[in-house]
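Me: I have a model open and want to learn how to read it. Can you take me through the features one at a time?

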Amino acid sequence: MASRWAGLGRAWRRAVRVARLMIGVPDYDTYVEHMRRHHPDREVMSYARFFDERLQARYRGGGGRCC
């Protein structure tokens with residue numbers, strides 16, 4: 001039964017991630033993983049700063065990618 005709940009938890013997290021991407025809300029965990037993997041010398045933004053920056057980029061028409 002525990003493995004069933006764990007599987008449902010993973011499925012739920014994936015569904016939330018997909019839904020956020022569909023409506024244009026980037027995923028903070030994906031950002032953190034990207035920064036640690038590709039830019040270890042840079043500081044990772046806090047969630048609040050990340051969210052604010054993504055909102056500004058979206059509504060001012062700017063790009064949101066560094067690579």
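Reply: Start with E33. E33 is partly exposed, with a relative accessible area of 44%. The cut-offs are these: buried is under 20% relative accessible area, exposed is over 50%, and partly exposed is in between, with a 1.4 Å probe and protein chains only. Two notes before we go on. This is a predicted model, with residues numbered from 1 along each chain as its sequence is written. Local features need pLDDT of at least 70, side-chain atom pairs count only at pLDDT 80 or more, totals for chains, interfaces and linings use all residues, and side-chain values use heavy atoms, with hydrogens and water left out.

Me: Which element holds E33?

Reply: Helix α2 holds E33. Helices here are DSSP runs of H or I with at least four residues, strands are runs of E with at least two, and both are numbered from the N terminus.

Me: How many helices and strands does the protein have?

Reply: The protein has three helices and zero strands. From the N terminus on, the order is α-α-α.

Me: With which residue does E33 form a salt bridge?

Reply: First the general idea. A salt bridge is a side-chain nitrogen of Lys or Arg within 4 Å of a carboxyl oxygen of Asp or Glu. Here E33 pairs with R37, and the closest N and O atoms are 3.3 Å apart. Both residues lie in α2, four residues apart, about one turn of the helix. R37 is exposed, at 58% relative accessible area.

Me: How many salt bridges does the structure hold?

Reply: The structure holds three. One of them joins the side chains of D27 and R17, at 3.0 Å from N to O. D27 is in the loop between α1 (2-22) and α2, while R17 is in helix α1, so this pair ties together parts that are 10 residues apart in sequence. Another joins the side chains of R54 and E53, at 3.2 Å from N to O.

Me: Are D27 and R17 buried or exposed, or in between?

Reply: D27 counts as buried, at 10% relative accessibility. R17 counts as partly exposed, at 38%. R54 counts as buried at 18%. E53 is partly exposed at 29%.

Me: Back to α2. Which of its residues are buried?

Reply: Y28, Y31, V32 and M35 are buried in α2. Seen down the axis of α2, they fall within an arc of 100°, so they line one face of the helix. The arc is that of the directions from the helix axis to the C-beta atoms.

Me: What do those buried residues pack against?

Reply: They pack against α3. The face of α2 turned away from the buried side carries the exposed residues D29 and R37.

Me: Where does H39 lie?

Reply: H39 lies in the loop between α2 (28-38) and α3 (47-60). H39 is buried, with a relative accessible area of 12%. A polar contact of 3.3 Å joins its side chain to that of H34. A polar contact is a pair of N or O atoms within 3.5 Å; within protein, one must be able to donate a hydrogen and the other to accept it, and residues adjacent in sequence count only if both atoms are side-chain atoms.

Me: Where is S46?

Reply: S46 is also in the loop between α2 and α3. S46 is partly exposed, at 42% relative accessible area.

Me: Which residues form the nonpolar patch on the surface?

Reply: Y47, F51, L55 and Y59 form it, with about 440 Å² of accessible area together. Patches are made of residues with over 30% relative accessible area and no salt bridge; like charges are joined within 9 Å, nonpolar side chains (Val, Leu, Ile, Met, Phe, Trp, Tyr) within 5 Å. Accessible areas come from the Shrake-Rupley method with a 1.4 Å probe, and for residues only the protein chains shown count as cover. Y47 lies in helix α3 and counts as partly exposed at 47%.

Key. Contact means heavy atoms within 4.5 Å.
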